[in-house]
There are 2 protein chains.
Amino acid sequence: MHEDILGPESRDFVTALASGLEVIRAFDSEHPRMTLSEVATRTGMNRAKARRFLLTLHSLGYVRKQHRYFELAPRVLHLGYAFLSANNYRGVIQQYLEDITNEIGESSSLGVLDGEDVIYVARSAAKHRLMAITLSVGTRLPAAHTSLGRILLAQLDNEELESYLSKVDLTRYTDKTITDIDELRNQIIVARQQGYAVADQELDPGLRSLAVPAYDAKHHLIGAINVSTNAARVDMDTLLGVYLPIMQKKAAQIRLNVN
Amino acid sequence: MHEDILGPESRDFVTALASGLEVIRAFDSEHPRMTLSEVATRTGMNRAKARRFLLTLHSLGYVRKQHRYFELAPRVLHLGYAFLSANNYRGVIQQYLEDITNEIGESSSLGVLDGEDVIYVARSAAKHRLMAITLSVGTRLPAAHTSLGRILLAQLDNEELESYLSKVDLTRYTDKTITDIDELRNQIIVARQQGYAVADQELDPGLRSLAVPAYDAKHHLIGAINVSTNAARVDMDTLLGVYLPIMQKKAAQIRLNVN
DNA sequence: TAATAATGTTCGTTATGCGAACAAGGGGCG
DNA sequence: CGCCCCTTGTTCGCATAACGAACATTATTA
């Protein structure tokens, strides 16, 4: 059940906290270092306001300042790490992911839904690189075009799924990207029925992946686990005929052993 | 040069942001889920205050609420990820760490100093588990008792090093843990002289590691890279005679190739 | 059933955070 | 070299966002 959520107009909403977090998120791979004015522009804030947040984050150790330039400090990892360390099943799941990588020789990850994205929360990387970008814990990708995201969307009830479909903006990444909302709905329903999802070169040419949901012993959804491979190396028969049973077996082990 | 740092008494310091971040950090592996009152107690805040921050974080998607219990949501990974994605050299260094793991068969990591700790910012894990805890990006360990931390401390100038030594509180983890401040200073000076550091079973029985500093082509210190192994499997002669040259070669490659 | 403890919430008050305006620095051009 | 303009840094009067004491509600225990 969805708890009532505070609106920004509520007297209980702390706008300074919200703005401060927005300053942190303004930094990314395209904007690793910024001046005060650049931060103000990217966040839509008054320059004096952005300055106060940057100086506060700097004094707390989350931001480094060099002359006029600001960049995030490693200490911000502590904020995300708080989530990882609070999740005691991650270490356990990590072992299963490493088993998959050892057995199949491909990368395997645990992902969870967050809004319209899937976030990687545990990962076992194979030796070879699959994608142009480096995937790591914390990476977020659109749920619609990943096997992890698609099988997680399949676990939603109908109302939640329709809510998602009514909001999602489908972007084309490759020739194979699904951009029709009805086709996406159908793929998710099929995933729901067959208990697994496949994403085939929708996000990155050559990237082919398969995911199954991961439940714990109390029937709580932990997330989904996947195996990622390259279409040139693994055909669909192998993916479904060899990899799928392995993934299903791992998911069954997780369901039996993870509390 | 250390930039002047804002004090919490300054009118430019945003106390609401500082308090909100403290609420996030209150969650850890011992306190994965807490009630409002528990958060208030752990942070020393008035309950109504803690409530406002929790509800704000909840509305922003950083915290989940179940009845009276709060827990961090995966979205907080986005805050730490902002640092990782802003660091464009990480993908490059990752490759070198994986080379080390492939060549030596042991785990290798990149770490940076943050206060009295060393934070892992990139990691290549070997197949076998070395420590009781799962190390991952974001993990922080005391700099004094790790090879990464020790070689990073060795890169500080004398004033910075003495400042660190005057504040650090040395905790004993094993029988081999250095707890004498003068002995630690000496170890760091030796590391400075020989260009590498070793930590031998100070943090965890059996854990033996070696680290060298990693500079980029512009002579900026990126961090330190290490190799971690088990004392039962690798003796000191092998560590220094075989592993050290490999690490030094990798550091030299990083210095030549990383901008 | 009543008392007590724990937790949830409100709203008068004030100190925090906002932003317009001023100050300072840097670069370009005549 | 001096002036102008643009960019960046900083201040402080003021309004309201956030604080916390006190009230409200719920859960537990005797």
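# Close-up views of a predicted two-chain model

The area buried between chain B and chain A is about 5900 Å², with carbon and sulfur atoms contributing 65% of it. The model shown in every view is predicted.

**View 1. The interface of chain B and chain A.** On the side of chain B, 67 residues are in contact with 68 residues of chain A. Four salt bridges are counted between chain B and chain A. Across the same interface, twelve residue pairs are in polar contact, both residues of each pair being at pLDDT 80 or more. Several elements of chain B each supply at least two residues of the side that touches chain A, namely helix H1 (15-25), helix H3 (47-60), strand S2 (63-66), helix H4 (77-86), helix H5 (90-104), strand S4 (107-114) and strand S5 (117-124). Of these, H4(B) gives the largest share, ten residues. Sorted by class, the side of chain B that touches chain A holds 32 nonpolar, 19 polar and 16 charged residues.

**View 2. The relation of the two copies.** Chain B is superposed on chain A by a rotation of 180 degrees with 0.0 Å of shift along its axis, at an RMSD of 0.1 Å. This is the relation of a two-fold axis. The copies meet through the same surface, because 100% of the interface residues of chain B are also interface residues in chain A.

**View 3. The salt bridge of Asp114(A) and Arg75(B).** Asp114(A) forms a salt bridge with Arg75(B), and the closest N and O atoms are 2.9 Å apart. The pair crosses between chains: Asp114(A) belongs to strand S4 (residues 107-114) of chain A, whereas Arg75(B) sits in the loop between strand S3 (69-72) and H4 of chain B. Are the two partners buried or partly exposed? Asp114(A) is buried, with a relative accessible area of 9%, while Arg75(B) is partly exposed at 24%.

**View 4. The salt bridge of Arg75(A) and Asp114(B), with its network.** Arg75(A) forms a salt bridge with Asp114(B), the closest N and O atoms lying 2.9 Å apart. Which residues are joined into one network by salt bridges that share partners? They are Arg75(A), Asp114(B), Asp117(B) and Arg140(B).

View 5. Chain A has nine helices and nine strands. Its C-alpha trace spans about 60 × 40 × 40 Å along the principal axes. Buried residues make up 56% of the 259 residues in chain A. Among the contacts in chain A with a separation of 6 or more, 56% are between residues 24 or more positions apart. Helix H1 (residues 15-25) of chain A is largely enclosed by the rest of the structure, because eight of its eleven residues are buried. The buried residues of H1(A) are Ala16(A), Leu17(A), Ala18(A), Ser19(A), Gly20(A), Leu21(A), Val23(A) and Ile24(A).

**View 6. The salt bridge of Lys250(A) and Asp99(A).** A search of the whole structure finds 28 salt bridges over all chains. One of them is formed by Lys250(A) with Asp99(A), whose closest N and O atoms are 3.7 Å apart. Lys250(A) lies in helix H9 (residues 236-257) of chain A and Asp99(A) in helix H5 (residues 90-104) of chain A, so the pair ties together parts that are 151 residues apart in sequence. Lys250(A) counts as buried because its relative accessibility, 7%, falls under the 20% limit. Asp99(A), at 26% relative accessibility, counts as partly exposed.

**View 7. The salt bridge of Glu202(B) and Arg150(B).** The closest N and O atoms of the salt bridge between Glu202(B) and Arg150(B) are 2.7 Å apart. Distant parts of the chain are linked by this pair: Glu202(B) is in the loop between strand S7 (197-200) and strand S8 (207-215) of chain B, and Arg150(B) is in helix H6 of chain B, 52 residues apart. Glu202(B) is buried, with a relative accessible area of 5%. Arg150(B) also counts as buried, at 1% relative accessibility.

View 8. Asp157(B) is placed in the loop between helix H6 (147-153) and helix H7 (158-167) of chain B. Asp157(B) is partly exposed, with a relative accessible area of 42%. From C-alpha to C-alpha, Asp157(B) and Arg192(B) are 10 Å apart in space, and they are 35 residues apart in sequence.

How values were computed:
Residues are numbered from 1 along each chain as its sequence is written. Chains are lettered from A and ligands numbered from 1 in the order in which they are written. This is a predicted model: local features need pLDDT of at least 70, side-chain atom pairs count only at pLDDT 80 or more; totals for chains, interfaces and linings use all residues. Side-chain values use heavy atoms; hydrogens and water are left out. Contact means heavy atoms within 4.5 Å. Buried area is the accessible area (1.4 Å probe) that two parts lose on being put together, summed over both. A salt bridge is a side-chain nitrogen of Lys or Arg within 4 Å of a carboxyl oxygen of Asp or Glu. A polar contact is a pair of N or O atoms within 3.5 Å; within protein, one must be able to donate a hydrogen and the other to accept it, and residues adjacent in sequence count only if both atoms are side-chain atoms. Helices (H or I, at least four residues) and strands (E, at least two) are DSSP runs, numbered from the N terminus. Ala, Val, Leu, Ile, Met, Phe, Trp, Tyr, Cys and Pro count as nonpolar, Asp, Glu, Lys and Arg as charged, and the others, Gly among them, as polar. Copies are superposed by least squares on the C-alpha atoms of residues with pLDDT of at least 70 in both. Buried means under 20% relative accessible area, exposed over 50%, partly exposed in between (1.4 Å probe, protein chains only).
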